[in-house]
Amino acid sequence: MKGILIIADGLGGRPSDLAGETCLEAATTPNLDRLAERGAIGLVDPIGPGTRPGSDTAHLSLLGYNPYEVYTGRGVFECLGIGLDVKKGDVCFRVNFASVEESNEGLRVVDRRAGRIETGQKELEAALSKIKLTDVKGVEVYFRASTEHRGALLLRGEGLSPWIGETDPHETGVPIVRSVPLDRSDPAAERTAAAVNELTRQSYEILTGLEINRKRIAAGKPPANVILLRGSSELPHLQPLSSIYGVHGAVIAGGALYRGIALACGMEPIEVEGATGGLDTDLSAKAAAALAALDRYDYVFVHVKGTDNAGHDKDAQAKRAFIERIDRELIGPLVGPVEEGRIHIAFTGDHTTPIDFGDHTDEPVPVLFAGPNVLTDEARRFSERAAGQGGLGRFSGRVLPILLGYCNWSPKFGS
Ligand code: ZN
Ligand code: ZN
């Protein structure tokens, strides 16, 4: 028996979203409602009641890990998701291209995202490959650009530590923050912070003179003339899902973070053309790729990000419309295989992203399981409020292990 896990990022909402209804409640979702009727629903606290989740920690928990034990930070997942080969001892970061200008206090941040730069990132990436640290010896720097202003960077060398401060000030009009060791008595952290400060300075020297930045300035756009680092982290110790359950899984995700988390858990990546990690993603292509992948894999994890993007943008209509697209284009093609008893499906979110708050909150999110082994409940539709009455009740995390349990792959605890 095969399974598909779909996580719609930031799916959950509040009654303030749309005049008393959540975006999910207001959306027309005949396919999710049909699966709710054929399966069972409930509420899941992504990490635990009263814990406000980040997307990374929530995903680890939903995949069956204890994020309090295994989470080391976000940078390593960004590096893995972007295709960097992360080894034990490497220190990883998520990176922004930013715009800075020289001032008496140092490089002052003018735009933290370099105007959400949309072209030329490969040229910037190629230029940054010239970084060679000389003050700090024996440390190599690897950088990859991702979408828009985003990228990932890793440091490789003896005696490095992820326990350092970031360089991103998280506001404009102030200088770049000098990275400092979190523990001043730790020479590895001291050395790593020095490496970060040296590479930051070099990134400014290398990027400033580039043709692409001269053109951006001439066009009135902010130059991408420095990189800001945050999310310092090392490779986490994660027992691969294949060794826990004896099955092989794949991930389909446009966002590097989500692909990276799944890779760290031992899934294999499936590239889908048109999977952007945004509201414009090709959901039909993701559904087709997930179904096709079940020929080669025991389960597939599909991540969609647009719901969370619309929540952060405080755009209720966009979130509702995207949920309706998920229902039509992603869930629709899976209803037949579920009803024919060929697959089990789990659908949920990784947290609530209400419109008026514009960020993650700690309410539980609705979760749905359907397939031949799922005992049905009384649910007739899929929503936060309906899930509160669902047969699965309320539980914390572990949605993937529950799905794999329905597929008869759970290892027995005890004898
Ligand atoms: Zn999320
Ligand atoms: Zn978010």
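Predicted model: local features only at pLDDT ≥ 70, side-chain atom pairs only at ≥ 80, totals over all residues.
View 1. Donors are N, O and S atoms within 2.8 Å of the metal (3.2 Å for Na, K and Ca), and water is not among the atoms, so sites may look incomplete. Helices (H or I, at least four residues) and strands (E, at least two) are DSSP runs, numbered from the N terminus. D9 counts as buried because its relative accessibility is 0%, and H351 is likewise buried at 0%, where buried means under 20% relative accessible area, exposed over 50%, and partly exposed in between (1.4 Å probe, protein chains only).

Residues are numbered from 1 along each chain as its sequence is written, while chains are lettered from A and ligands numbered from 1 in the order in which they are written. Local features need pLDDT of at least 70 and side-chain atom pairs count only at pLDDT 80 or more, whereas totals for chains, interfaces and linings use all residues, and side-chain values use heavy atoms, with hydrogens and water left out.

**View 2. The donors of the zinc ion (ligand 2).** The zinc ion (ligand 2) lies 4.5 Å from the zinc ion (ligand 1), and its protein donors are D308 (OD), D308 (OD), H312 (NE2) and H360 (NE2), at 2.0 to 2.8 Å. The arrangement is irregular because the 4 donor atoms subtend angles of 52 to 139° around the zinc ion (ligand 2). The spacing of these donor residues in sequence is D-x3-H-x47-H. D308 and H312 are separated by about one helical turn, because they stand 4 residues apart in helix α12 (residues 306–312). An α-helix has 3.6 residues a turn, so residues three or four places apart point the same way. D308 is buried, with a relative accessible area of 2%, whereas H312 counts as partly exposed at 33% relative accessibility.

**View 3. The surroundings of D168.** D168 is found in the loop between β6 (150–157) and α7 (187–208), and with a relative accessible area of 3% this residue is buried. Its side chain is joined to that of R112 by a polar contact of 2.7 Å, a polar contact being a pair of N or O atoms within 3.5 Å in which, within protein, one must be able to donate a hydrogen and the other to accept it, and residues adjacent in sequence count only if both atoms are side-chain atoms. The side chain of D168 also reaches the backbone nitrogen of H170 at 2.8 Å. Leaving aside neighbours within four places in sequence, D168 is in contact with N96, R112, V177, L228, L229 and R230, where contact means heavy atoms within 4.5 Å.

**View 4. Helices α10 and α3.** In helix α10 (residues 256–264), 8 of the 9 residues are buried, among them L257, Y258 and I261. The buried residues of α10 pack against α3 (55–62), α5 (75–81), β8 (249–252), β9 (268–269) and β10 (299–304). G266, which follows α10, has a positive phi near 100°. Helix α3 is largely enclosed by the rest of the structure, because 8 of its 8 residues are buried, including S55, H59 and L62. Just after α3, G64 takes a positive phi of about 110°.

**View 5. E37 on helix α2.** E37 lies in helix α2 (residues 30–38) and is partly exposed, with a relative accessible area of 38%. Apart from neighbours within four places in sequence, E37 is in contact with T376, A379 and R380. E37 and E101 are 64 residues apart in sequence and 58 Å apart in space, C-alpha to C-alpha.

Notes:
Tetrahedral: all angles 85-135°; square planar, octahedral: opposite > 155°, others 65-115°.
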